[in-house]
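Welcome! Have a go at each task before reading on.

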Protein chains: 2
Amino acid sequence: MKNMVVKSLLVLLLLANTAFAAAPADPLPSWNDTATKKAIVTFVGEVTRPGSPRFVPAAERIAAFDNDGTLWAEQPMYFPEAFVFDRIRALAPQHPEWQGKQPFKAVLAGDLKTIYAGGDQTLLELINATHDGYTTEEFAQTVKDWAATARHPISGRLYTEMAYRPMRELLDYLRANGFKTFIVSGGWADFMRPWTERVYGIPPEQVIGSSNKTEFKLRDGKPVIVFLPAIGFIDDGAGKAIGIERYIGRRPIAAFGNSDGDLQMLQWTMDGEGARFALLVHHTDAEREWAYDRASSFGRLDKALDEALAKGWTVVDMKEDWKSIYVFEKR
Amino acid sequence: MKNMVVKSLLVLLLLANTAFAAAPADPLPSWNDTATKKAIVTFVGEVTRPGSPRFVPAAERIAAFDNDGTLWAEQPMYFPEAFVFDRIRALAPQHPEWQGKQPFKAVLAGDLKTIYAGGDQTLLELINATHDGYTTEEFAQTVKDWAATARHPISGRLYTEMAYRPMRELLDYLRANGFKTFIVSGGWADFMRPWTERVYGIPPEQVIGSSNKTEFKLRDGKPVIVFLPAIGFIDDGAGKAIGIERYIGRRPIAAFGNSDGDLQMLQWTMDGEGARFALLVHHTDAEREWAYDRASSFGRLDKALDEALAKGWTVVDMKEDWKSIYVFEKR
């Protein structure tokens, strides 16, 4: 009896719903109707349609996204580096010795040339200084404060407002189709986790990045985890494939990047069995964003572009494919 | 019009459903109706009931579980070690030099006393030997083969059949209430990930464990990730709190362990704000399982038991609280 009543009502409900249903809304309204959008929609359709020869069970629908230059802008410098320089300036009053000591002196003088001339080691020294002695909770608070106030030197917007609207739509679209979306970034995980849920809908446990070593201690009986001035893991280049294996423990079926630092992640993703998708964001829009690739010092796209072209990976032409760029723009 | 039709039908459907609804099934049927079960159900009720002063949003309902001795048995030796010894025996024909070389010689002779006398360094040397040169995919296959065939020396059951039925119910119960369940084990992540989804319903990306270092390479153009004979991370003791922060990036609200190696994970969990839950499985059932605590060489429970008793954490008395023990048992 119960079942019959419930079933009859369900049938009526479905009929009522169908009769009045509107056409489904475009899940990617900020994407122009180009071959790029079509490639994305075709892939998602194939892996989600039961009975499709390229069907992938929901649990295996892992998608990995680079952050800088893929989910938000990275010019005129990587945003995580802007954070580091801002933190060095904020900490300087507690470190009078920095006034005469490189690379701190260069940061305080705004002398980017000297900083970048020092290469990765210089940046790592600065990163260590911003972490040293902070508990994980104290550090997260410095990130939240920065994200709420620091502004991009050219747009004047909050950095988090310079997330890409089309990519945010893509993240939502994939999740609506059963994908689990991960960030796999060369940036520091502890710099991203305080705001990725709000900005991208990606929770902290799905954010993989570089990291400093930490130590656990009891401070007056209270457990704390404290950052050490020592690099633990660099999640870039080959490190992205290693990070995926270490943190996720299974191979993504889709990966999204924009630079040579993403090449191994894309190679690792594409070498798995079954349906696969690789996408590179090519920065081609000097007016609305920036145009750069093979010669850029931030987000250099050279070898990965060659491989994408040779292997038929999807390449976003930002100027042609994106109707709007940033999440702060009106559509 | 559409809305009115749909709403009316929905109301009828709900009424029909309510009128015929049976009492909800007990989600923890393998747990006796003791204070332990009551503490679990009370906690879950409080954090999930909207309006409750201890309500926790679903995204923050992170639960961390130790594996050995908490989700499956760990006597007469840790199961991950049984795997390592089995692998050394399987690899021995390719390593004739092991016949005369410790600690391999001791493994091949079944001389556990010599192995354990060597302490952690000896075990790590053996673990390195089982990983060295394997790709992550090859290694996963050795684990799958072992899990499908290796049998416990006393019960004669597959090791994975010695997962605890009450804990599997608890995992399901928490997930049904919006929790995300993680394993945080001293065992190697790559040893657990091939079977945790099947046995516990926990996907690879929610398994945190110890790990060897790896390297990414192109082998004849094909990308592979290869294990190195070097330990990368030990996820035990303070390492469990560090691992939680590194991999999950937010603090669990509930943690489940059984030994002193879980103490810092429980401390870290309990020191957060809002509703918290800590549980220790105390092995008190010499007939159906094993009885051991302060003096055991596997799963020693001494300091953590003192702290649990002092702080009022929940302690499972396996003999009294569990109606059945293993997943293979009929209820």
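**Exercise 1.** Find the handedness of the crossing of helix 11 of chain B and helix 12 of chain B.

*Solution.* Step one: the crossing is right-handed; a crossing has that name if the near helix is turned clockwise from the far one by less than a right angle, and is left-handed if anticlockwise. Step two: find the residues that touch. Helix 11 of chain B brings B:Ala238, B:Lys240, B:Ala241 and B:Ile244, while helix 12 of chain B brings B:Gln264, B:Met265 and B:Trp268. Contact here requires C-beta atoms, placed from the backbone, to lie within 7 Å. Step three: locate the helices, which are residues 238-248 and residues 263-270 of chain B; their axes come within 6 Å and cross at roughly 50°. Helix 11 of chain B is therefore oblique to helix 12 of chain B. (Angles under 35 degrees count as roughly parallel, over 145 as roughly antiparallel, 65 to 115 as roughly perpendicular and the rest as oblique; axes are lines fitted to C-alpha atoms, for helices over the stretch in contact, and angles run from 0 to 180 degrees between N-to-C directions. Helices, H or I with at least four residues, and strands, E with at least two, are DSSP runs numbered from the N terminus.)

Two notes before you continue: this is a predicted model, in which local features need pLDDT of at least 70, side-chain atom pairs count only at pLDDT 80 or more, and totals for chains, interfaces and linings use all residues. Residues are numbered from 1 along each chain as its sequence is written, and chains are lettered from A and ligands numbered from 1 in the order in which they are written.

**Exercise 2.** Describe how helix 3 of chain B packs with helix 6 of chain B.

*Solution.* Begin with the geometry: helix 3 (residues 79-91) and helix 6 (residues 119-131) of chain B pack at about 60°, with axes 10 Å apart. That angle makes helix 3 of chain B oblique to helix 6 of chain B. Next, the handedness of this crossing is left-handed. Finally, the contact involves B:Glu81, B:Val84, B:Arg87 and B:Ile88 from helix 3 of chain B, together with B:Leu123, B:Leu126, B:Ile127, B:Ala129 and B:Thr130 from helix 6 of chain B.

**Exercise 3.** How many residues of strand 6 of chain A are buried?

*Solution.* Look at residues 277-284 of chain A: seven of the eight are buried, leaving the strand mostly covered. (Buried means 20 or more other C-beta atoms within 10 Å of the residue's own, exposed 12 or fewer, and partly exposed in between; C-beta atoms are placed from the backbone.) Then turn to its partner: strand 5 (residues 254-257) of chain A pairs with strand 6 of chain A in the parallel sense over four bridges. DSSP must find at least two bridges for strands to pair. One bridge links A:Gly257 with A:Leu280.

**Exercise 4.** Is A:Asp220 buried or exposed?

*Solution.* Second, count: A:Asp220 has 5 C-beta neighbours inside 10 Å, so it is exposed. Third, check the backbone: phi of A:Asp220 is near 50°, a positive value in a residue other than glycine. Most residues other than glycine have a negative phi, and most peptide bonds are trans.

**Exercise 5.** Which residues does a cis peptide bond join in chain A?

*Solution.* The bond lies between A:Gln102 and A:Pro103, with omega about 0°. To place it, note that A:Pro103 sits in the loop between helix 3 and helix 4 of chain A.

Conventions: Two residues are in contact if their C-beta atoms, placed from the backbone, lie within 7 Å.
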